[in-house]
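Please keep the sequence and the model in view while reading.

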Amino acid sequence: MTAATIAPISYEVKDLSLAPLGKQRIEWAAREMPVIRLIRDRFAAEKPLDGIRLVACCHVTTETANLAIALKAGGADAILIASNPLSTQDDVAASLVADYGIPVFAIKGEDNETYHRHVQIALDHKPQVIIDDGCDVVATLVQERPQQLPDVIGTTEETTTGIVRLRAMLRDGVLTFPAMNVNDAETKHFFDNRYGTGQSTLDGIIRATNILLAGKTIVVAGYGWCGKGTAMRAAGMGANVIVTEIDPVKAIEAVMDGFRVLPMAEAAPLGDLFVTVTGNKHVIRKEHFAAMKDGAIVCNSGHFDIEIDIAGLKTLSSDVRTVRPFTEEYRLASGKSVIVLGEGRLVNLAAAEGHPSAVMDMSFANQALAVEHLVSNRGQLEPGIHSIPEDLDRQIATLKLQAMGIAIDSLTDDQTTYINSWTSGT
């Protein structure tokens, strides 16, 4: 399908002439996404989302493109906006418009004003289902357009940051529809957060800086699943890893995984490279920048750019200059410099291409099935946060194993009887 055969649609992308390259890359990613392909084929036959107005606020990547194509195949009237100004792949956005007829409002590097305008455009679509990365669309809907709330069937959320915001909304009594917690699905956080974030974060750092990680002291702020993956991969590259934490249980886990655990104030003078993956704000602050060694590199792989206090760093700095793409040197009044990657935004998407397609295959399979679950159970799910049903999680894992050509054992009848009987403990 070419741009000439697509009916005119509203969109805002950088350049439609980039579409041929984007289509090539979307098709390349699809080779590593067999589960979403199977779901797309079923959706095309069954049309479970027929006529559903859907908004997806996601990182506009080749993997997201394959999710969007599957949702459209299922009958959804879908539009796509960026969840992060630096994560958009402009050729992919162009191809989705030109080759697949999906309205996209996303431009790499768009300013905050443009981003918020795109959120308003998304809400003008009067969505019945929202796929949110970070909960910005849902929060804006609740705050600014309460008259549209009765139309909402539900939302899906696959970021830790977004789930934290949804829980706060639930606590404050303003979450009036069901929200599917895709983030906590086992086939999401075990693989996407750990292996996807671990690999893609280091990929972004290396592309931005071309530094050797072996022998460096890398400070990982936060030891959730993303932090575990980042620390694991950094250690595998030969780095000396320090972990900072606020949770005593996670801190013990980090110690027993072989990492040093220190407060950030003590880690700041030691680190060559700092990675924040907490979901909180100002994890690295002015006093930490002041204590860092000359040339320390700082980046973020949490959802929002507020984990690093960039505004505070600017007050300490006499000069800022771009030394490489997505790499800025802040010259402190003391004479030292601090290097910030990707403007403090997600380094794996700002400076690289995000998670590998094979990992996102499972995450986006969860998204697609969560949307189907919301629609098929319309009016039956209570307002609040709902886990992905275990059978869907297992189904995704089974499909992934099949695609990888891996077989596993199953219980015998005798074993099934034993494991399900409270009298068979001996």
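## Helix pairs

H6 and H7 are roughly parallel to each other, because angles under 35 degrees are counted that way. Their axes, which are lines fitted to C-alpha atoms over the stretch in contact, with angles from 0 to 180 degrees between N-to-C directions, come within 10 Å and cross at roughly 25 degrees. The contact (heavy atoms within 4.5 Å) is made by Asp136, Val138, Ala139 and Val142 of H6 together with Arg165, Leu166 and Met169 of H7.

The model is a predicted one, in which local features need pLDDT of at least 70 and side-chain atom pairs count only at pLDDT 80 or more, while totals for chains, interfaces and linings use all residues. Residues are numbered from 1 along each chain as its sequence is written, and side-chain values use heavy atoms, with hydrogens and water left out. Helices (H or I, at least four residues) and strands (E, at least two) are DSSP runs, numbered from the N terminus.

Another pair is formed by helix H1 (residues 19-30) and helix H4 (residues 90-98), whose axes come within 7 Å and cross at roughly 95 degrees. This makes H1 roughly perpendicular to H4, a term that covers 65 to 115 degrees. On the H1 side the contact includes Ala19, Leu21 and Ile26, and on the H4 side it includes Asp91, Val92 and Ala98.

## Strands around S5

Strands pair if DSSP finds at least two bridges between them. Strand S4 (residues 129-132) runs parallel to S5 and is joined to it by 4 bridges, with Ile130 having Thr155 as its bridge partner in S5. S5 is also joined, by 3 bridges, to strand S6 (residues 178-181), again in parallel, and there Thr155 has Ala179 as its partner. The chain crosses from S5 through helix H7 (residues 160-171) to S6 in a right-handed β-α-β crossover, meaning that, with the strands pointing away from the viewer, the path from the first strand over the helix to the second runs clockwise.

## A buried residue

Asn348 lies in helix H14 (residues 347-350). With 4% relative accessibility, Asn348 counts as buried, a class for values under 20% relative accessible area (1.4 Å probe, protein chains only).

Terms used
Angles under 35 degrees count as roughly parallel, over 145 as roughly antiparallel, 65 to 115 as roughly perpendicular and the rest as oblique. Buried means under 20% relative accessible area, exposed over 50%, partly exposed in between (1.4 Å probe, protein chains only).
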